[in-house]
Structures are given as structure tokens and as C-alpha cells.
Amino acid sequence: MFCLLVLMCFGDKLEEPQIKQIENIQRRLLLSFSRFNILNIFPRVGRIIFRSRWKELIQLRQEQENIFIPLIEARSKAKEQKPEHDELVVAYVDTLLNLELPEENRKLNHGEMVSLCSEFLSAGTDTTSTALQWIMANLVKNPSIQEKLYQEIVSVVGGNEQSKLTDVVVKEEDLQKIPYLKAVILEGLRRHPPGHFVLPHTVTEEVELDGYVVPKNATINFMVADMGLDPKVWEDPLEFRPERFLVEGSDKEGFDITASREIKMMPFGAGRRICPGLALAMLHLEIRYKLVSAPELNLFEFGKNKRKSD
Ligand code: HEM
């Protein structure tokens, strides 16, 4: 997942040592997050009291810039050298290089681009892979669901008992014809959302909600995981039952994951701060799912073998 996002971010297939370097700095920054967060509370005093922690943060950031900026500059040069009509698959960095901030009438500086690339890599890796792990765990636990999904995929992409699914190329447009797969993924996100909360939000004006006054500037959050388990909204909420996401009397999946019509669950948040990677994540979850059916990692076979030995 991380390698894929690095490729999407910087556009070039990097060598493994370079990817490892990026991974290493991202991991160190992420793991130090809670230790550095204290510097955010009283920045001026914090810098003096926690001097060594501040120094460590500056060093890490410098290290991150030293790795990211050459990649951003390389991309900028490549774009200059290649005329517009040349085939250069658009990378996230390209969109940042093109971006003009309308209110300030300027381009992004290198520091801002580094932060945005860092956010892109961190926000998309563990979320998607955690979701995928829960979905796979539930398929192993529920062989009948696994079988139904397997049959649906085979019926769309072809293949029979002898041929391996990996012999068949699954195209993005095939995904539309596999609504049960989408339903399985939605059920995974309901039952085990990777984030139990959204990012902290602030109310811009005082509001009254259910008799409680929420003062202006208060930090608020939402219990995402509990929403998906609310028995008033979901029948047998603890059960893994993808069918609940299929429209009754049809084999189509018809759930609005953007929560724009109603909010029954919000694994990606809701409203204008909704996860900007939602569509990408859903695509990765669907595509990745099929990739794990490679013989050496065959989830379907794993499930079948397990059933036999049971
Ligand atoms: C299953 C996968 C994912 C889940 C469940 C998820 C969930 C979320 C949630 C709950 C938020 C906070 C929304 C809020 O504060 O209201 C968020 C924010 C964000 N997500 Fe995702 N996400 C996923 C994948 C991705 C991917 C693949 C990317 C990009 C590559 C991404 C990029 C972001 C960014 C940049 C933000 C911050 C947006 C902001 O500050 O307003 N996410 N995500």
C-alpha cells in the first residue's frame, strides 16, 4: 500500500532503498506524533521547556525535507522537459506544482508540498491496509460469505475450477458488476472502521444539540465505531452480514458512503472535511482484494483448505 502511494505521489518508480528511506522517516515522524504534540499546546514556552524534543522535531523535519524536496524538484524538471501532450501519468506532486492559491495569488512553496505529500502517504497507508486486514479476517471467519464472493468474482472475470483467478486480468470497469464485493467492503468498514474517531473538529459558533450547549471554538469529535454498531440503526450490529448493503429485490449495492443523504455510519467522516481519499481507498480495497488471490497468498484457497481441515 505504501509503495503504491509513493508511486502515486512522486510519479516515478523509485528504487527500493529510496522507498525504504521515505518509509523510515514517515514511520519515525508518525511514531513521535504524541510526544511532539505537547509542543503544540503552548508553543512559545514549550520550545524552551522541551528544548531537546523541539530540536529533535526540527531535525526530523529537516531530514524529511532532504528526502522529499529532490523528488519534488525532479518531478518539476521532468514536467518542464516533457511537452504537455507527452504521456506523463499525473502524479499527486504534479497537481501540487500546478496549484495556484487563489486568495493569496501564489504557488505552494516546497515546505507546504512536503507536508502535503507526507499527509498523503500517512493518511492512506494504515487506514486502507487495516480495513483490508479486517475484511480478510471476516472472510476467513465466514466461509459462506467467502464462497458467495468467490462465485460472484468468477462469474464476472471468468475462470473455472482448473484456472486460477490470477490468470484473469480484472479491469476497473469489472468492479461495477461485482456489487457483493462492494457490500463486503462496506460491511468491513461498518464493523471495523480503521479510525474510531474523525480528526478533531471545531464548532465555529455556539450550537445547542439535544439540550446540550456546545460553546464556540469547542473541539468536538464523533464516535465513528459506535455509530456502526448502533442497534437502533443496524439489525444485529455485531454480525458480519454484507447483504444489508444490497438493495432489497435487486443485486445492486445502494449505500451512500459519503453520508450526504443520511448518516448511518461515517468511516470516512462526513461533510466538507470528509476524507478526500474516499474514492481512491474504495478502489484500492476492491482491486487489492483481488490481488491477494495470487497463488502464494490465496485467500480463497486458504479459506477452503481451512474448511476441509475443520
Ligand atoms: C479505508 C481507507 C480510509 C479511511 C477509512 C479514511 C478515513 C478518514 C477519516 C475518518 C478522515 C477524517 C475526516 C474528518 O475529519 O471528518 C480522513 C481524513 C483524511 N484522509 Fe482518509 N481514509 C482512508 C484512506 C485515505 C487515503 C487512501 C488517502 C489519500 C491517499 C486519505 C487521505 C486523507 C486526508 C489527506 C485526510 C485529511 C483531510 C482534512 O484534513 O480535511 N485517506 N480519512
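Student: Which domains supply the shell around the ligand?

Tutor: Start by asking where the shell residues come from. In this predicted model, domain 1 (2–123) and domain 2 (126–296) each give at least three residues to the shell around the ligand.

Student: How many residues surround the ligand, and which are the closest?

Tutor: The ligand is surrounded by 22 residues. A123, G124, G269, C275 and G277 are the closest.

Student: Which helix gives the most to the shell?

Tutor: Look at contributions element by element. Helix 7 (110–141) and helix 11 each supply at least two shell residues. Helix 7 gives the most, with seven.

Student: What is the make-up of the shell by class?

Tutor: Sort the residues by class. The shell holds 14 nonpolar residues, six polar ones and two charged ones.

Student: What does UniProt list for "binding site"?

Tutor: Treat a record as a separate source. The unreviewed UniProt entry lists C275 under that heading. In the model, C275 is among the residues closest to the ligand.

Student: Where is C275 placed, and is C275 buried or exposed?

Tutor: C275 sits in the loop between helix 10 (224–227) and helix 11 (278–291). For burial, count neighbours: the cut-off is 20 or more other C-beta atoms within 10 Å. C275 has 20 such atoms, so C275 is buried.

Student: Which residues does C275 touch, leaving aside neighbours within four places in sequence?

Tutor: C275 is in contact with F268 and G269. G269 is also among the residues closest to the ligand.

Student: Now K182. Is K182 buried or exposed?

Tutor: Apply the count again. K182 has 22 C-beta neighbours inside 10 Å, so K182 counts as buried. K182 lies in helix 9 (residues 179–191).

Student: How far apart are K182 and F255 in sequence and in space?

Tutor: Compare the two separations. K182 and F255 are 73 residues apart in sequence. Their C-alpha atoms are 9.6 Å apart.

Student: What does the whole protein look like in secondary structure and burial?

Tutor: The protein has twelve helices and six strands. Of its 310 residues, 22% are buried. Among contacts with a separation of 6 or more, 63% join residues 24 or more positions apart.

Student: Where does pLDDT stay under 50?

Tutor: Check confidence before reading detail. Where pLDDT is low, the predicted coordinates should not be read in detail. Here pLDDT stays under 50 over residues 289–310. For the protein, the mean pLDDT is 86, and 85% of residues reach 70 or more. The model scores ipTM 0.99 and pTM 0.86.

Definitions and conventions
Residues numbered from 1 in each chain as written. Predicted model: local features only at pLDDT ≥ 70, side-chain atom pairs only at ≥ 80, totals over all residues. pLDDT = per-residue confidence, 0-100. Contact = placed C-beta atoms within 7 Å. UniProt positions renumbered as here; feature names shortened; annotations may be inferred. Helix = DSSP H or I, 4+ residues; strand = E, 2+ residues; numbered from the N terminus. Buried ≥ 20, exposed ≤ 12 C-beta atoms within 10 Å, placed from the backbone. Near = placed C-beta within 6 Å. Nonpolar A, V, L, I, M, F, W, Y, C, P; charged D, E, K, R; others polar. Domains from an automatic or database assignment.
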